[in-house]
Amino acid sequence: MSTSKVASGNGSDPLYWKKIVVVLCLGWAVIWIYRTILTPIFPEIQATIGAHSNAEMGLIASFYFFAYTGMQIPSGILVDKFGKKVVLIPGFCLFIVATLLIGNATSLTMVYVGSLLAGMGCGSYYGSAYSLSSENIPLERRGLATAIINSGSALGMAIGLIASSLLVKSMGMDWQLTIFMITALLVIMTLVFAVVIKSGSYSSHLASQPASTTAAAAPQETNEASGLFSIRMISAYVMYFATCYGYYMIVTWLPSFLQQERGFEGVAIGFSSALVAFASVPGALFFSRMSDRFRNKKVQLIIFLELCAAVMLVCTVISPDATTLLISLILYGLLGKLAVDPIMISFVADNAPKKGYGTSFGVFNFFGMSSSVIAPFLTGVISDNTGSKVMGFYISAGILVVGTLVFFIVNVLMKQKSKRQTAAQA
């Protein structure tokens, strides 16, 4: 039996891993349509539920991400114990209930409750998705395939931002109808998961394989300590926290920044905000292909991309005109979170314990998404107190630089020191 077939987790269906890539990409697209469809239409939502401060509106996203983050580790453990399908489908059913609640909301409290339930439902996705991808995609295709999966995030982000601006702001559609459209998409995706994803856990599949075959299917362990809280995994958690902080600040507040501080109007708000998503797709595909080709250079590639993203965050707010601002957003998309995500996920898959991918990715995403709870609310508070969101961009860039420095020290400087000590002992 070939390594690729074993890696697919289903030797009888050599196309299974490709189906997984397509389905997970579409899953992310639907999730991100929901995540981004509300932010450009905060004024229209307030026309229904009453006027509220920026900090109170920012809490809509914070409630979602609080629940989403809190679910990461529990859902990862459940994935390893019961299987991806058993965790994923009930989570999306809860997500459906949440969108129905938000679509019928008459107060901000109802929107908060709906956001909380939506976060809990979506919290089942990350561990399930990347356990499926890491266990089923052949090792030599992992980076590029993960980039394709992640491109669903960019697709959904673009659709959400543009659809809300076009349908609600320009065409006058009730904002509730856009939420009910998402409900319909979620029902379709839940049915797709039920049909395509195969039942059973990867651990049971490995148990049925000969020892030599199983060893061939997994990446080779390094000599360094491997575990959920090894020094390299901790550096990945810090790096992902910093990466996510800036990105979710952008996702939540960029439309408002463009409208209130740069004078963008109507559908231009959605299209301009969506430039980050559009640019991220070629960036993710190119850099993930580079990481597959030069697997020993992943760390250097991550550091390069993160520093470039920090620079682009600063350039976005210091840009003297709209053209420079849009170029900065395009470059942030090309070099930022969605470009580095596949490489970070591949890095974690290489260094995490191989018998608990669900838990490993749950912990990894928990630390990353913790920043998404803080960023929307903190930026809203800064805006209320200063009248501008500019300081929020600077803070995001600073956090990203600090996270990159930690990652560099652990994975470059400490590794070089360890090699020198080993050579001296020899």
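1. Ser383 counts as buried because its relative accessibility is 5%, where buried means under 20% relative accessible area, exposed over 50% and partly exposed in between (1.4 Å probe, protein chains only). Ser383 belongs to helix 17 (residues 357–386); helices are DSSP runs (H or I, at least four residues), numbered from the N terminus. Leaving aside neighbours within four places in sequence, Ser383 is in contact with Asn54, Ser388 and Lys389, contact meaning heavy atoms within 4.5 Å.

2. This is a predicted model, in which local features need pLDDT of at least 70 and side-chain atom pairs count only at pLDDT 80 or more, while totals for chains, interfaces and linings use all residues. Residues are numbered from 1 along each chain as its sequence is written, and side-chain values use heavy atoms, with hydrogens and water left out.

3. Cys25 counts as buried because its relative accessibility is 14%, and Cys122 counts as buried at 0%. The disulfide count is zero, a disulfide being a pair of cysteine sulfur atoms within 2.5 Å.

4. How do helix 13 and helix 15 cross, left-handed or right-handed? The crossing is right-handed, that is, the near helix is turned clockwise from the far one by less than a right angle. The axes of helix 13 (residues 267–293) and helix 15 (residues 322–335) come within 6 Å and cross at roughly 35°; axes are lines fitted to C-alpha atoms over the stretch in contact, and angles run from 0 to 180 degrees between N-to-C directions.

5. Residues making this contact include Ser272, Leu275 and Phe287 of helix 13 and Leu326, Tyr332 and Leu335 of helix 15. The contact residues divide into 11 nonpolar, four polar and no charged. Here Ala, Val, Leu, Ile, Met, Phe, Trp, Tyr, Cys and Pro count as nonpolar, Asp, Glu, Lys and Arg as charged, and the others, Gly among them, as polar.

Conventions. Helix = DSSP H or I, 4+ residues; strand = E, 2+ residues; numbered from the N terminus.
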